[in-house]
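Biologist: Before we go through the geometry step by step, could you put the structure up and take my questions in turn?

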Amino acid sequence: MSAPGENLRINGDRLWDSLMDMAQIGPGIAGGNNRQTLTDEDGEGRRLFQRWCDDAGLTMGIDQMGTMFMTRPGTDPDALPVYVGSHLDTQPTGGKYDGVLGVLAALEVVRSMNDLGIKTKHPIVVTNWANEEGARFAPAMLASGVFAGIHTQDYAYSRKDPAGLTYGDELARIGWRGDEVVGARKMHAYFEYHIEQGPILEAENKRIGVVTHGQGLWWVEFTLTGREAHTGSTPMLMRVNAGLATARIIEAVQEITMAHQPGAVGGVGQMKFSPNSRNVLPGTVVFTVDIRSPSLDKLTSMREQIEEKAQAICAELGVGYAMEAVGHFDPVAFDPTLVSRVRSAAEKLGYSHMDIISGAGHDACWTNRIAPSTMIMCPCVGGLSHNEAEEISKEWAAAGADVLFHAVLETAEIVE
């Protein structure tokens with residue numbers, strides 16, 4: 001197996017220009033992006049990505065979940081492909097780099113291979129996974145979850161957005177439902193390059209995050225039922241207050257998570273009051289608790305304690321209680337051989353680096369179930385992500401893409 005020479009680099013200017021061009025599609029209101037999955041903006045972003053891949057000589061395949069697979073052939077027709085990618089969909093108030101960096105850096109790897117006349121034994125497949133974010137259709141990482149056998153396609157197609165539209169119908173509407181059976185493809189390996197979405201790399205002044213593990217996650221949706229009543233004329237002791245129960249549960253999430261330190265996080269980022277009027281106590285409150293840890297024992301313990309406490313709070317206040325798990329994956333340990341290749345590439349290229357655990361879920365967490373997988377991370381300013389103010393530098397983007405380039409070439413095996 002030939003290893004690439006130290007002087008090989010991707011074209012950092014071209015990568016940056018591609019990021020900025022993609023950011024013109026589905027612009028947000030404060031400098032970021034709103035290109036949610038299966039919207040018209042998502043379709044437009046896909047078409048631009050397809051044009052770029054066509055220009056790079058890649059062949060497109062699309063599966064029945066809408067995931068795009070762009071293939072550069074290898075010299076051995078029997079060799080399994082090396083997959084490289086992430087996602088182009090964004091949060092409603094998302095940044096320009098979350099997910100997009102990984103897809104366009106994968107494309108840049110292929111473009112640079114073309115420029116340098118590099119051939120590999122294994123094909124390389126640049127991948128845009130559908131619905132990674134889960135902002136419009138929960139759960140997150142939906143298409144890669146179906147690919148890895150975590151979810152059924154019928155389940156995925158039945159997911160509804162806040163307007164009641166289903167994933168299956170919207171996928172057909174925007175014209176990106178492919179014919180490929182989901183999960184029929186086999187992988188030699190999978191690489192994913194991503195912004196950290198946290199403050200550690202920047203604080204430690206490291207260019208490269210060598211991702212060894214990913215945190216496990218539970219999303220638990222609570223529906224609390226109270227009694228709608230006038231906030232001004234209903235005595236305090238005669239209320240069935242779902243809002244008060246919600247507040248106490250949120251405080252319990254904080255206390256339970258802090259009791260599981262270090263290596264545990266938890267909070268509530270989404271909540272819906274009904275009827276959501278200033279002077280009416282809510283009849284219904286729906287909110288999602290998000291808890292994460294790289295320790296399965298801690299993750300399990302937190303969920304059990306939060307659910308037990310929530311039921312006790314609702315019982316005390318006479319509030320109706322229902323709970324549904326709407327997202328979950330266990331902690332992930334990425335492939336040691338691929339992790340070592342990422343670390344070696346950073347060292348060979350002279351980039352400062354450190355081992356890191358991914359705090360967020362990624363498509364690599366599911367592909368790791370079916371093929372050797374790993375991730376590379378670059379810093380983001382202030383650790384800010386899922387925010388239109390999300391920012392990285394051109395130099396950070398290029399450094400991680402260089403490491404990706406070398407790790408992918410070593411895995412795909414350069415043909416002299």
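Biologist: What distance separates the centres of domain 1 and domain 2, taken over C-alpha atoms?

Modeller: This is a predicted model, and its protein chain is divided into domain 1, covering 12-215 + 332-412, and domain 2, covering 216-329. Taken over C-alpha atoms, the centres of domain 1 and domain 2 are separated by 33 Å.

Biologist: What area is buried between domain 1 and domain 2, and which residues of domain 1 lose the most area to domain 2?

Modeller: The size of an interface is often given as the accessible area lost when the parts come together. Between domain 1 and domain 2 that area is about 850 Å², with carbon and sulfur atoms giving 65% of it. On the side of domain 1, 49% of what is buried there comes from the three residues that lose the most area to domain 2, namely Pro139, Gln215 and Trp366.

Biologist: Is helix 3 parallel or oblique to helix 12?

Modeller: Helix 3 spans residues 100-116 and helix 12 spans residues 394-412, and the two pack with their axes 9 Å apart at an angle of about 60°. Because angles of 65 to 115 degrees would count as roughly perpendicular and those under 35 as roughly parallel, helix 3 is to helix 12 oblique.

Biologist: How do the residues of the contact of helix 3 with helix 12 divide into nonpolar, polar and charged?

Modeller: From helix 3 come Leu101, Ala105, Ala106, Val109, Ser112, Met113 and Leu116, which meet Ala397, Ala401, Leu404, Phe405, Val408 and Leu409 of helix 12. Sorted by class, the residues of this contact of helix 3 with helix 12 are twelve nonpolar, one polar and no charged.

Biologist: Are helix 1 and helix 12 parallel or perpendicular to each other?

Modeller: Gly12, Asp13, Leu15 and Trp16 of helix 1 meet Lys394, Ala397, Ala398 and Ala401 of helix 12. The axes of helix 1 and helix 12 lie 9 Å apart, and the packing angle is about 115°. Since 65 to 115 degrees is the range that counts, helix 1 and helix 12 are to each other roughly perpendicular.

Biologist: Which residue does a cis peptide bond join to Pro262, and where is Pro262 found?

Modeller: Pro262 is found in the loop between helix 8 (242-259) and strand 10 (265-274). The cis peptide bond there has an omega of about -5°, and the residue joined to Pro262 is Gln261.

Biologist: What is the omega of the cis peptide bond from Ser274 to Pro275?

Modeller: Pro275 has its place in the loop between strand 10 and strand 11 (280-281). The peptide bond leading from Ser274 to Pro275 is cis, and its omega is near 10°.

Notes
Residues are numbered from 1 along each chain as its sequence is written. This is a predicted model: local features need pLDDT of at least 70, side-chain atom pairs count only at pLDDT 80 or more; totals for chains, interfaces and linings use all residues. Side-chain values use heavy atoms; hydrogens and water are left out. Axes are lines fitted to C-alpha atoms, for helices over the stretch in contact, and angles run from 0 to 180 degrees between N-to-C directions. Helices (H or I, at least four residues) and strands (E, at least two) are DSSP runs, numbered from the N terminus. Angles under 35 degrees count as roughly parallel, over 145 as roughly antiparallel, 65 to 115 as roughly perpendicular and the rest as oblique. Contact means heavy atoms within 4.5 Å. Ala, Val, Leu, Ile, Met, Phe, Trp, Tyr, Cys and Pro count as nonpolar, Asp, Glu, Lys and Arg as charged, and the others, Gly among them, as polar. Domain bounds come from an automatic or database domain assignment. Buried area is the accessible area (1.4 Å probe) that two parts lose on being put together, summed over both.
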